[in-house]
Amino acid sequence: MDATLEKMVDPTLAEMGKNLNEAMKMLEDSQREADEEREKKKYARKDIPGPLQGSGQNMTAILQLVQNLMHGEDEEELQPHRRLQNVGEQGHMSLLGHSLAAYISVLDKERLRKLTTRILSDSTLWLCRLFRYENGSAYYHEDDREGLLKVCKLIIHSSYDDYATEGFNVLHNKSPVLYISSACRTGLGQYICNQLGLPISCMCSVPCNTMFGSQHQMDVALLERLIKDDIDCGKLPLLLVANAGTPGAGHTDKLARLNELCNQYKMWLHVEGVNLATLTLGYVSSSVLAATKCDSMTLTLGPWLGLPAVPAVTLYRHEDPSLSLAAGLTTSQPVEKLRALPLWLSLQYLGHDGIVDRIKYASQLSQRLLENLRKLSSIRTSEVITKPKELTFTGKSVGNILGNILLAIVEDEFNSPVVVFRFIQEHLQSAVSTLDGAQESTKDSNERETDDALNRWLGEQLGQLVPTSGVDVVELEDEGVCIRFSPLMTAAVLNTTPEHVDQLAECLKAKIPILISTVQLREEFKEEVYRVTGLKYIEDLSWPGLGAVRYEVNNEESDPEKQQLAMEKISTGLLKKLKELDSDLTFSTGPEFGGEKNCIYIGMVTDNLDVPELVETIAATGKEIEESSKLLENMTEVVRKGIIEAEQQLQKANEAKILEEGVLRQIPVVGSVLNWLSPVHSSVKGRSFSLAGGSLEPTDKLYALKAQASEGTPPPTPTTSRTKHKSPGQKLFRRSSRASDTVSETSMGHAEAMEESQTITETTRLEGENEIPKSSESSVQLNGDLELPGPIQTEGKSEENSRNIQDHQTSESAEAEDLEKEDLR
C-alpha cells in the first residue's frame, strides 16, 4: 500500500502522510505495559521546561513527551469521567489538511493562487448545495463568533457611506441598533460590541414568548414594537440575530415572520444554531427551511461531523465584493484561503451520503432516547422531535380543520434533534407533558429550587455513568435546571451508539426511585430532627440529598469564638464517626462554598431508610463526643489547679523539713556527716498525685487501694448499645422487610422461652439438691410444673417420677426405724 501511494503521489506528500500516521498511532496507543507507564510518569514529572538541548532530539522522543503531556500522571483517576474524542479516518484527513496547508504555503505565488481558488470554490459550492443556500459566499474562521462579527462590519460599511473614511463619527448622528434574542448564548452581544467598539446601548435583547408558543422563541410582536420605537428615536436598526436551535433547549425562532420583518425595515437577518444541520436531510421542517432565505448563517461542521480542528463556516449573500473585502469576509492573501483545506479534504472523504448519514444518525439517537423517556412518569420531556405526519381531517366543521392545521404547525415549529428532560415530583405534574408553554404556577420558589438541585445531581450522575452519551446540565429561564441530550454536537465526537442511549435510559430509570424516596423522606427527616433535642434542622434548598442537620452544643461560653471552635470540633468528630459506620449513606460537610457551616449533610437515600434510627444515632453520637470533650476540658482544668496546689504543698513540706532537720543538715558535706553521726527520722510522709482528683494524697491510701485490688477484681462496667440488632450483611439505618420482621420476632420469642425454661430448670435443680422434699406430692408437683420446649416423653417421665417417690419413701422408713432403736437403747 505504501509503495503504491509513493508511485501515485508526490514523494514528499507520501512521506508526510506516512509520518502523520505513525505519529497518530503513537499518540493514540494507550495499551502500554507497566514499565512503560512508569517511564511515562518519570517524563511527566519533568514537565518544567529547561534549556534546549544543543544536539536536539529525535521525533520519537518529542512525540513521547507530547503523549506524556496529553495524558499526565492523573490518567487513571480521570479516565472514567473524561470524554475522549473519537478520531477516525475522517479525523486523520482533517489533521492531514493542516500539515498540507503548511506545505502548500511554500509553493510559488501563481501555483498557490490557483490551488487556493480551487479549494475555496469547491468548498463553497458543496456547502451551499448541502445546506440549500443558493448563490452564497463562504467565510472560514476558527472562532464561531468571528463570522457574525465580520457580517456586522459588512452591514456597517453598507449602511454608512462615509464609515471607511470618517469612522465612528458617522455613527454619532444615527446610532446603530443590533437585536439579539434573549435565548442566544451568553455574552454574544457584549463580544460584538467590544470588538466593534460600540457602546452596550447599541445592543437590544429581544425577550421570548411568554403567552403563546415556545418559551424560547423570539417574541415577534414585541420585536416590531422595539424596532418602531428605535426608529422614532432616530436610531438605525441594522441586524437581527435569530436561532435555528437555541443553545439551551434547541428551539427555532419563527424565521419566516422574522425574515418578512427584516425585509420590511431593511435589516440584515443572521441565523445560527444546531438545527441548521437538518437542512441536509430529505425532510426539513418549515421553520428551519426558512433559514435558507436569510442573509447569512453560521455552520459548525466540526462537532456535527466529528471533524477535529475544522473551521466554522459563515454563508452570506452580498453583491459588492469591495465591501466584503473591507469587512474582512474575503482576503487577497493566499495563505488565509488555506483555512478551508482541512474541510475540503474531509468533505471529499465523507461524501454527500456520509454527511447526510451522520446527521440522520444523530437525529435517530434523539428519537430513540425520547421514546424511552416517554415511558417514565416522573420525567417531563420537551417533545421536540416529531415524525412527518399527513394531515387527516376527521371532523367536518371548519373548527376541526383549523385545529388540525394549527396542531401540525405547532409540532413543526418545535421540531429539533435536541432532547431536554427534567425530573419532577409526581404530585406536581400538570396536564401539560411538554416543556413548551408550560406554566409552573403551582410551584413556589422553594419547590423550584429543590427540583433544580435534584436535576443537577441527576445530570451529573448520568454524565459520570454514561460519559459517551454526552448529556450535560443546562439551566433554562422558565423551566429551571434540565438535562440536555444533543447528539448533533456530541455523537460524532464521542462515538455515541444506540446501546449507549439505552444504557442512559436504564441508568435514569434506576435513579428515579432514589429521587422519589429522597423527596418523600425529607419531610419525615425534618420532623424527626425537630423532635430530638440537641439537633437543629438546616434548611438548604440547594442540597439534593436528604437534608442537613447541626448538633447544638450545650455550651455556656460567652466568647463566640470559643463557642464556634467547640462546635467545629464536635462537628468534625461527629462527621468522622458517621463515616466510619457500616451504612450506605453518604455524610459530608455540604457544598464547598455553601453558607452553612458545622453541619452534617446527608446524601441521597432509598425508601427502606430508618429515619428515626438515623436521627437518634446522630444525636447520641454527638452527645458522646460533647461529653467526652467536656470531660477532657474539666480534667485538664482540675489537673492544672491540682498541680498548682501540689506545688504549694510541696513547698510547705520542704520548709517544714528544713525547720525540722536544721540548716546545717542542708549543707552537702556537713549534712552527710551529721546524718551519719545522728540519723534523723523525718516525719514527712510520702505523697502521690491523683489525676482524677487533681490533688496530692498520702501514699498510705495508694497502698491500701493496691492491696484491695489484689484481693478481688471489681465487676466490669456495664455498657449500652444504641444500635439495633442487624442481620449479617445488613447495613445500618435500613428497615427490614415484613417477612424478616415476623421471623425475627418469632425467633426472639422462641429464644426468650428457651432462656426462661433453662432458668426454671436450673433453679429447680438447685432447689432439689439443697432442700429435701418433705413429701412425694411436693416433688411430683415441682416436676409437673416444669415446661420444657420441644417434644416431651410423658411415659418415661412418669416412671422416673414414681421411682423417685419409692426411693424417697424407703429412705424415710429407714430413718424412722433407726430413731426407734436409739430410743430403746
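**Rings, strands and cysteines in a predicted model**

Colleague: Let's start with a charge over a ring. Which residue lies over the face of Tyr 191?

Modeller: Bear in mind that we're looking at a predicted model. A charge counts as sitting over a ring when CZ of Arg is within 6 Å of the ring centre. Here the distance from the ring centre of Tyr 191 is 3.8 Å, and the residue lying over its face is Arg 145.

Colleague: And Tyr 133, what lies over its face?

Modeller: Another arginine takes that place, at 3.8 Å from the ring centre. The residue over Tyr 133 is Arg 317.

Colleague: Now for ring pairs. Why does the pair of Phe 131 and Trp 304 count as tilted?

Modeller: The structure holds four aromatic pairs, and this is one of them. The ring centres of Phe 131 and Trp 304 are 6.2 Å apart. Planes under 30 degrees apart would be stacked and over 60 edge-to-face, so what falls between is tilted. This pair is tilted because its planes are at 45°.

Colleague: How many residues apart are Phe 131 and Trp 304?

Modeller: Phe 131 is in the loop between α7 and β1, while Trp 304 is in helix α15. Both residues are buried. The pair links distant parts of the chain, and the separation is 173 residues.

Colleague: What about cysteines: how many disulfides does a search of the whole structure find?

Modeller: A disulfide needs two cysteine sulfurs within 2.5 Å. For Cys 184, the closest cysteine sulfur is in Cys 208, 8.4 Å away, so that is too far for a bond. Cys 193 is in no disulfide either, as the nearest cysteine sulfur, in Cys 202, is 6.2 Å away. The count is zero.

Colleague: Last one: which residue in β7 stands opposite Met 297?

Modeller: Met 297 points the other way from Ser 296 and Thr 298 in strand β6. Four bridges join β6 to β7, and these strands run antiparallel. Opposite Met 297 stands Leu 315.

Technical notes:
Residues are numbered from 1 along each chain as its sequence is written. This is a predicted model: local features need pLDDT of at least 70, side-chain atom pairs count only at pLDDT 80 or more; totals for chains, interfaces and linings use all residues. Side-chain values use heavy atoms; hydrogens and water are left out. Buried means under 20% relative accessible area, exposed over 50%, partly exposed in between (1.4 Å probe, protein chains only). Helices (H or I, at least four residues) and strands (E, at least two) are DSSP runs, numbered from the N terminus. Two strands pair if DSSP finds at least two bridges between them. Rings of Phe, Tyr and Trp (its six-membered ring) pair if their centres lie within 6.5 Å; planes under 30 degrees apart count as stacked, over 60 as edge-to-face and the rest as tilted. A charge sits over a ring if NZ of Lys or CZ of Arg is within 6 Å of the ring centre and within 35 degrees of the ring normal.
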